[in-house]
Amino acid sequence: MASYSPKRMRFHDESSVSHNSASSITCAESSLTTDMAIMVQTKKIMDGVNTKIQTIKNIDQPMTTLKSYIVEVISKMDQIDKDNRRKATIGIFGQSGHGKSSLINAILGEEDLLPPGSLGACTAVVTQVEANLDDSNYTAEIELYSKEEWDKMLQVLFRVLSDDSEDRDDEMFESAKEKITAVYGEDADKKKIEELKKDKKFAEISNFLSDSEKIISKRERSDFANEVACFIQYSVASPGGWYWPLVKSVKIKIPNCDELLKHIVLLDLPGIGDCNKTREDLWKSKLRECSSVWIVSDINRAITDKDPWGILKHCIQDLGPGGECKNISFICTKTDDINPGAYMRGSRLTKDEIGNKDQTAVCILHRNKTTKESIKKKIESLNPGTKKLMEKISTEVFTVSSKAFFKQNSNLEPTETEIPKLQEVLKSINRRINQEMARGYVSDAKGVLSLIQIFSPNTNEEMVETKAKVHDKLANNLKNALTELDRQFEKMYEDLDMCLSEGVQNSVRLCVATAQKELIAPDNIDNRGFHKTLKALCKNKGHYWSKNWCMILDLNECLATHMQESIYEEFNQIFPVNGKTEKSLQKHLDNVSIIQSDNTYCRSSMLYHIQNFIKTRENKLKVLLGRKVINRKKDIYSSIATTIQEKMGTGYERAAKIKGKDTLKKMQNILSGTIKSLKDDMFNDAKTEFLEKFNKLKLEIKNDFESEMKRSMEPFHLHTGKTTLLDVSREIEEIELVAK
């Protein structure tokens, strides 16, 4: 029986206690890569240095301050994995039933871990899968809505159910019905909300929501799957007791998969189709975090279905210029689901071409090859706007069979299922991040040792004589570096300003016609039902997409198109998704330094160590600033559509209230009229907001660089010449050997 404690629930069994710590460490160390082994050895060296530093006594106050500074720096090095390294995020799209859960099970080698349909079945619940690095249990961390939040959502859901007008959004109606019956049971949707509140089940749910987070932790995979099912699944045949409508997000942690997921999060991003803004905001923010995207589709429908291509068209702005996505993979599943005879007839594959080979295997591999070719051709034939946005993003196509991968006597070899290919993709990402972490950790260690060595006995006299000169030179270099940064930012600002001005002019001139043609009154839409879709769009502040991706509309993005087009080239030069350009902000950050190389450093041991310490602090700072640049650029880019949404708000509200005769025409007139009346100010405001956010980024980067470099220069004020620290020349040599 599951047990729990107040505030932070933890479902567990007594058997979930972790293994003996000594055996766990031995097991962990035996599986370390070379890069992780380097980190472990370096950490041992630094732990020894830290112990020696902390035991130093009888030093003057300035050196005591220096000692504290060094201890602090070493302690922060140990937090690199948690604090300074955000995991790579792979976003996974795909309808329920297309094999997402089976795909993840196969990649992790965990058959039946996630039941079919569990990913994507819960409308709009963001689910992530990552490695459990703490113990050997299968764990789920489930974030729930508060009782107050759920009460507000119930009010909205019952309002949707009470709408019996012709303008009712049927998809929202079905979604509301599904949620209420999932939680409260059959026929709960037919009650009034006042009646439901008197029901015993309502009180149980209210009590259930008294804890904001629930944690399930199990040693056995089957026990875990059974326990977590009610939070990530739903059965129409058995309503009641399914809690996914109460869930904000689910984090599933899998043990013993460090090689695949140590530095990676697999993130399920289902279609929204939801009237909940909290879920929608979470969905958007998570989408922009994705460095890779997998679009999963049944191979029988991968080409003809609108879903994968609708996903691509809708999300490409947030993945590319507005995000950090470097790769999109189309993954066709269920390749072993084939009728060889029917396939041979349909593809005109002859028996002579098959020969003595396994007929089913030949048909599967033939279809895999032709499907890959067809998808690549379709990518090439995408509309110019989408294709342009994908120029900086690499694409791959995989054809996989999860069932065949687990099957003992399959028609396919394991490699032919292509599951090993996807496993290698994850391993490669992990190896790259391991290498980056190891290099960063070793660099930090060298920097700290150089700082200590500056104050060692054999550099003491030299330090006293030159410390003022060194500090003054570094301070002057910092001033020059900040001036150069400011100059580069000003140039980027001017270029963006010019592009945005052109975008404002184009938007004012073309926005009404573009909006009407593309969205408000398109020629290819059936007007008999379009008024419901347009009303749903207005209720949702300008955007609408169904949970199965069959229709995706966003008036805010449509109105932002001309401004986004005007800045596309310049923005991608300044904030490239892949690599660096001559104009890229990251390149300018990499070039700026308060160390100016000259022959002096070759002649002086002390100055060499000063240079090394400052350089490592700069490099560490630039990594953090690089992450800030990526995060801020998403906010900067999306500000155009966000400003438009805010300005259009009153128009959306007015249009959403229209009822009765000629509803569609009246809504169309309101939207078109709102755009006409706002266009001059709206696009200028979007430009102003964009540039203000860019300027704010400049100030943050300059302030961060200045404050951190000044802090890195502080130790050179602390030396009095009376006392010294350790001689760590031996430790420096040891780390040099470790890193070779």
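Okay, let's start with Lys-659, which sits in the loop between α27 (649–656) and α28 (663–713). Those helix names come from DSSP runs, H or I and at least four residues, while strands are E runs of at least two, all numbered from the N terminus.

Quick note on what you're looking at: this is a predicted model, where local features need pLDDT of at least 70, side-chain atom pairs count only at pLDDT 80 or more, and totals for chains, interfaces and linings use all residues. Residues are numbered from 1 along each chain as its sequence is written, and side-chain values use heavy atoms, with hydrogens and water left out.

So, is Lys-659 buried or exposed? Exposed, at a relative accessible area of 64%. Here buried means under 20%, exposed over 50%, and partly exposed in between, using a 1.4 Å probe and protein chains only. Leaving aside residues up to four places away in sequence, Lys-659 touches Asp-167 and Lys-535, where contact means heavy atoms within 4.5 Å. Ser-165 is 494 residues away in sequence, yet the C-alpha atoms of Lys-659 and Ser-165 are 8.8 Å apart.

Next, helix α8, residues 170–184. Of its 15 residues, 11 are buried, so α8 is largely enclosed by the rest of the structure. Among them are Met-172, Phe-173 and Tyr-184.

Last stop, α10, residues 200–208. Its buried residues are Lys-201, Phe-202, Ile-205, Ser-206 and Phe-208.

Note on methods:
Expected span 1.5 Å × (residues − 1).
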